[in-house]
Amino acid sequence: MPQHIAVIMDGNGRWAKKRGMPRTAGHKVGAETFRSIATYCKDIGVKYFTVYAFSTENWKRPAEEVDTLMNLFRRYLKEAIETMAEKNVAVQVIGDLSVLAEDIQKLIADCNREAQNLENPAIATLCINYGGRDEIKNAVRALARKVQAGELLPEDITESMISEHLYTAAMPDPDLIIRPSGEIRTSNFLLWQSAYAEYYFTDILWPDFKPEHLEQAIEAYNKRQRRYGGIG
């Protein structure tokens, strides 16, 4: 069983368009899919489940669509705060959160506080206003400030140090990254962390993604030999 599964939640808009519905309807169904897959991951023993919920580029979308997504985040975070202890799933949000509405930032802080009370929980992570390059840039800047302050020599910077300055510092790198909807690209998601992840691509649109599709991805993962650059 992979310890950490990450998903690029893609295809919500196309799912809605195929049914003559507004894109916002696809996002609402996609949010329900996230709930069900996150719960299923916990039930089968996956410790970390991370999803690409809103990228740094998604602000370019129509205002109505962005507002719908933000309201979905509000709804899910409120629900998570209420049910976290019962489900023993710690919900966290990573990304550049400084530009989010104040009430969403407060909900994220409340989630973090509730998560600290859980004992050995499964971890569900939403990447909001997240971009892989932006994350690496921020990590490099943090290390550069330490060099500037005389706390660190450039030649002493290690890969581990960079990892420790990423949003995912407290998490292991993903073992399996799933991209639904038929697209075959990384889309700026977990660029540093995915160095040795196994990718699984499927034509299933995210709102149609079911536990059996997750099982298929895990089965494909288990048939691969992870050599990490060595000889199998």
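Trainee: Why is the crossing of helix 2 and helix 3 called right-handed?
Mentor: In this predicted model, helix 2 passes helix 3 in a right-handed crossing. The word applies because the near helix is turned clockwise from the far one.

Trainee: How do you know whether helix 2 and helix 3 are roughly parallel or oblique?
Mentor: Their axes come within 10 Å and cross at roughly 25°. Angles under 35 degrees count as roughly parallel. Helix 2 and helix 3 are therefore roughly parallel.

Trainee: Which residues of helix 2 and helix 3 meet?
Mentor: From helix 2 come Arg23, Thr24, His27, Lys28, Ala31, Glu32, Phe34, Arg35 and Lys42. Helix 3 brings Glu64, Glu65, Thr68, Leu69, Leu72, Arg75, Tyr76, Glu79 and Lys87. Sorted by class, this contact has 5 nonpolar, 3 polar and 10 charged residues.

Trainee: What makes helix 2 oblique to helix 7?
Mentor: The two pack at an angle of about 50°, with their axes 10 Å apart. That angle makes helix 2 oblique to helix 7, because the limit for roughly parallel is under 35 degrees and roughly perpendicular runs from 65 to 115. The crossing of helix 2 and helix 7 is right-handed.

Trainee: What classes of residue make up the contact of helix 2 with helix 7?
Mentor: Ile37, Tyr40, Cys41 and Ile44 of helix 2 meet Pro211, Leu214, Glu215 and Ile218 of helix 7. The contact has 7 nonpolar, no polar and 1 charged residues.

Trainee: How do you know how helix 3 is directed relative to helix 4?
Mentor: The axes of helix 3 and helix 4 (residues 102-115) come within 9 Å and cross at roughly 25°. That makes helix 3 roughly parallel to helix 4. Here the crossing is left-handed.

Trainee: Which residues make the contact between helix 3 and helix 4?
Mentor: Among them are Met70, Leu77 and Met84 of helix 3, and Ile104, Leu107 and Cys111 of helix 4. The contact residues divide into 10 nonpolar, no polar and 5 charged.

Trainee: Why are strand 3 and strand 6 said to stand at the edges of the sheet?
Mentor: The open sheet has 6 strands in the order 3-4-2-1-5-6, with parallel pairing. Strand 3 (89-94) and strand 6 (198-201) each have a single partner strand, so one side of each lacks a neighbour in the sheet. From one strand to the next, the twist averages 20°.

Trainee: How do you know that strand 5 and strand 6 pair?
Mentor: Pairing needs at least two bridges. Strand 5 (residues 176-179) is joined to strand 6 by 4 bridges, and the two run parallel. Because 4 bridges meet that requirement, the strands pair. Within this pair, arginine 179 stands opposite phenylalanine 201 in strand 6.

Trainee: Which helix packs on strand 1, strand 5 and strand 6?
Mentor: Helix 7 (residues 211-222) touches these three strands, and its direction makes about 135° with that of strand 5. Helix 3 (residues 63-87) lies across strand 2 (48-55), strand 3 and strand 4 (122-130), at about 150° to strand 3.

Trainee: Why is the pair of arginine 179 and aspartate 10 called a salt bridge?
Mentor: Their side chains meet at 2.7 Å, N to O. The limit is 4 Å, so the pair qualifies. Arginine 179 lies in strand 5 and aspartate 10 in the loop between strand 1 and helix 1 (12-18), so the pair ties together parts that are 169 residues apart in sequence. By this rule there are 16 salt bridges.

Trainee: What does tyrosine 199 touch, leaving out residues up to four places away in sequence?
Mentor: Tyrosine 199, which is in strand 6, touches Ile177, Thr186, Phe189, Ser194 and Arg224. Glutamate 102 is 97 residues from tyrosine 199 along the chain, and their C-alpha atoms are separated by 35 Å.

Technical notes: Residues numbered from 1 in each chain as written. Predicted model: local features only at pLDDT ≥ 70, side-chain atom pairs only at ≥ 80, totals over all residues. Heavy atoms only, no water. Axes fitted to C-alpha atoms, helices over the stretch in contact; angles between N-to-C directions. Contact = heavy atoms within 4.5 Å. Parallel < 35°, antiparallel > 145°, perpendicular 65-115°, else oblique. Nonpolar A, V, L, I, M, F, W, Y, C, P; charged D, E, K, R; others polar.
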